[in-house]
Amino acid sequence: MGQIADSFVQAFRDYVVNGVPASGRNEPNKSEIRAIGPAIEFQLGAITAGVSRYPNVAAMNAAIGVEAGHLAYVYRNNGSASDSANGYYQYTGSAWEIAPWVGNGVGADIASLNEILENAGIPTAKQELNWNDITATGFYRGSSVTGQTTGAPTTAAYLTLLHIQGQGTAAFQLASQTSTSDSAGRWVRSRSAVSGEWGEWASIAATSAIKRAGVASGLSYLDNGMYRKVPQDSIYHTMSSGDVYANSAAALYARYDQFITDFPDYVTKRSLGQDDFGNDILEYTFAAPTIRGYGYTPEQKANPKIVMTGGVHPDEKNTIVGTLAFFDDLCRNHQQSSILSQLRRSCTIVFLPICNPSGVNSNTRVNGNGVNVGRNLSWDWANNNAPDRGPSPLSEKESVIIASLPALHPDACIFVDNHGHAGSHFTWIGARLTQSLDMALHTSRLLENKLRRQFVPAVYDNETVTAVTTTAIGGPPSEWAMVHNKNAILIENAENRAWAGISLADLRRVTAAGIGECLFEAWRRKSSEGSAGPYTLVDAVDAQASLIDDLLMRVEALEAD
Ligand SMILES: [Zn+2]
């Protein structure tokens with residue numbers, strides 16, 4: 001209160017110069033008396049606020065004589081509202097010092113509030129690297145997230161998540177991925193109140209996808225009005241040919257050898273010979289078990305057998321990798337497709353993945369002798385007019401092996417030559433004999449329906465995306481059909497993304513779907529073909545073999561009991 005007292009002393013002093021009688025009596029001056037009012041108001045304001053306010057540090061330091069512990073604040077030091085010396089001070093009894101506890105207490109509360117808001121997604125998402133660290137509703141981001149990754153979103157990029165905590169560890173989470181760089185999707189999972197463990201994520205249908213094209217594995221799309229899930233499919237669907245085999249026949253064979261390692265009861269291989277450069281031409285057999293039972297011959301019970309060649313033209317790389325993806329899915333993901341599961345459980349598929357290994361190694365369409373293996377077959381060789389058809393029919397060891405397949409597999413129901421093309425349709429099926437053409441037409445219609453629904457942009461709605469042809473030029477299918485009278489077809493898969501909007505993964509899926517549809521239709525016709533009447537007794541079987549089969553089944557039945 002020194003300021004108010006001083007103001008009174010000044011206004012009502014006895015002499016003109018305070019304390020000096022010789023200066024004469026002082027008459028109170030009105031302006032000095034009026035100045036007392038603002039001083040009183042200033043101090044009353046400070047009392048009301050609990051603190052004294054000063055425009056700058058110098059003014060505060062001039063105010064001494066207040067009680068120890070009194071608070072003050074400086075609000076405009078150096079004439080600036082943002083001066084670093086602005087803030088709260090306390091009086092020690094002899095001087096002013098900064099009172100950090102006043103501002104910091106409030107600051108910590110505000111920081112905590114900011115964190116809560118930030119974790120709630122306002123305005124940024126919280127970084128998480130383990131799903132199981134997320135225990136609150138919020139907005140999250142992160143890549144390569146660990147913990148319960150099966151079926152989960154591939155990343156936590158821009159994931160809005162609802163967490164409902166139950167009793168104990170029981171909890172439920174609903175997550176929705178909204179990033180524009182990933183397919184939108186929704187997932188749910190729950191945590192057990194008993195074990196305290198989270199279950200795996202399960203995706204729920206995305207309502208926006210009306211085609212399979214562009215939808216990632218594990219997410220859903222609408223197919224003929226029903227929700228379907230894109231299965232977890234082969235890693236080869238998204239790998240470049242360079243990453244898969246880098247123009248190395250040995251590296252490509254190693255991919256198929258992995259099937260033997262992983263599925264030794266299902267996949268086997270043998271060499272059918274070597275080319276002029278010491279490269280093996282290998283045949284891989286994917287053999288489903290035959291139906292058990294007795295009283296019939298092995299031939300009667302045998303599953304339909306399909307023989308297929310690939311890698312005749314090594315420059316058709318998308319087909320080479322797409323076909324590898326088909327076999328990978330056949331081995332690993334067959335449960336997710338009725339076509340694959342039928343072929344896996346009820347068919348024998350013999351496949352020669354590299355009919356031109358020297359061409360694979362040199363990254364050329366022709367083999368190491370400069371010959372187009374696919375134009376070196378015997379049927380109509382003289383008229384095929386290919387400049388690289390070779391010096392004579394079957395001059396190449398590769399084409400000799402291809403031509404020998406009907407003799408090696410007389411029991412096969414169809415022979416398939418698998419290629420790629422650069423045309424503007426997806427899958428093209430070639431056939432020469434009537435039974436083959438019947439199958440080609442039906443398969444093409446089925447495939448047209450499937451590809452149109454699942455993959456093709458609507459802009460092409462009035463054209464077919466599949467095709468059939470007579471394969472008039474000599475090649476493996478003509479050789480098998482015209483020389484050996486075998487049911488034989490040519491499959492040509494799209495090599496490029498001529499159809500706008502098709503991703504590499506979708507192009508490979510189209511390739512695998514075309515191969516699957518053709519092989520399945522060949523299997524279905526053979527497996528379901530009926531015997532022509534009049535009906536007769538089934539041929540007699542080997543009595544001893546039948547007896548052993550009978551005994552084995554009875555022993556198994558006993559063990560089962
Ligand atoms: Zn070709």
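Biologist: Helix α14 (residues 434-454) packs on α16 at an angle of about 140°, with 10 Å between the axes. Why are α14 and α16 called oblique to each other?

Modeller: Happy to walk through that one. Axes are lines fitted to C-alpha atoms, for helices over the stretch in contact, and the angle between N-to-C directions runs from 0 to 180 degrees. Under 35 degrees is roughly parallel, over 145 roughly antiparallel, 65 to 115 roughly perpendicular, and the rest oblique. The angle of about 140° for α14 and α16 is therefore oblique. Please keep in mind that this is a predicted model, where local features need pLDDT of at least 70, side-chain atom pairs count only at pLDDT 80 or more, and totals for chains, interfaces and linings use all residues. Residues are numbered from 1 along each chain as its sequence is written, and side-chain values use heavy atoms, leaving out hydrogens and water.

Biologist: Which residues make the contact between α14 and α16?

Modeller: From α14 come Asp438, Met439, His442, Thr443, Leu446, Leu447, Lys450 and Leu451, and from α16 come Val510, Ala513, Gly514, Glu517, Cys518, Glu521, Ala522, Arg524 and Arg525. Contact means heavy atoms within 4.5 Å. By class, this contact has eight nonpolar, three polar and six charged residues. Here Ala, Val, Leu, Ile, Met, Phe, Trp, Tyr, Cys and Pro are nonpolar, Asp, Glu, Lys and Arg are charged, and the others, Gly among them, are polar. The crossing of α14 and α16 is right-handed.

Biologist: What makes α9 roughly perpendicular to α16?

Modeller: α9 and α16 pack at about 65°, with axes 8 Å apart. That angle makes α9 roughly perpendicular to α16. α9 passes α16 in a right-handed crossing. On the α9 side are Asn318, Thr319, Val321, Gly322, Thr323 and Phe326, which meet Leu504, Leu507, Arg508, Thr511, Ala512, Ile515, Gly516 and Leu519 in α16. Seven nonpolar, six polar and one charged residues make up the contact.

Biologist: And how do you know that α10 and α16 are oblique?

Modeller: Helix α10 (residues 338-346) and helix α16 (residues 504-528) cross at roughly 55°, their axes coming within 10 Å. α10 and α16 are therefore oblique to each other. Ile339, Gln342, Leu343 and Ser346 in α10 meet Gly516, Glu517, Leu519, Phe520 and Trp523 in α16. This contact counts five nonpolar, three polar and one charged residues. α10 passes α16 in a left-handed crossing.

Biologist: Which residues touch the most other members of the largest nonpolar core?

Modeller: They are Tyr256, Phe286, Ile306, Phe327, Leu343, Ile489 and Leu519, out of 48 residues. Helix α9 (residues 317-332) gives the most to this core, with eight residues. Such a core is a set of buried Ala, Val, Leu, Ile, Met, Phe, Trp, Tyr and Cys residues joined through side-chain atoms within 4.5 Å. A separate second core has 19 residues, including Leu272, Ile281, Val307 and Ile401. Beyond its neighbours within four places in sequence, Ile489 has contacts that include Ile414, Phe415, Met439, Pro477 and Cys518.

Biologist: Why is Ala246 called exposed?

Modeller: Buried means under 20% relative accessible area, exposed over 50%, and partly exposed in between (1.4 Å probe, protein chains only). Ala246 has 53% relative accessibility, so it counts as exposed. Ala246 sits in the loop between α6 (241-244) and α7. Its phi is near 45°, a positive value in a residue other than glycine. Most residues other than glycine have a negative phi.

Biologist: What makes Leu394 partly exposed?

Modeller: Leu394 has a relative accessible area of 29%, so it is partly exposed. Leu394 also has a positive phi, about 55°, although it is not a glycine. Leu394 lies in the loop between α11 (357-362) and α12 (397-403).

Biologist: How do you know that Gln258 counts as partly exposed?

Modeller: Its relative accessibility is 36%, so Gln258 counts as partly exposed. Gln258 belongs to helix α7 (residues 249-262). Gln258 and Asp328 are 70 residues apart in sequence, yet 9.7 Å apart in space, C-alpha to C-alpha.

Biologist: How many helices and strands does the protein have?

Modeller: There are 17 helices and 22 strands. Helices (H or I, at least four residues) and strands (E, at least two) are DSSP runs, numbered from the N terminus. Of the 561 residues, 42% are buried.

How values were computed. A crossing is left-handed if the near helix is turned anticlockwise from the far one by less than a right angle, and right-handed if clockwise.
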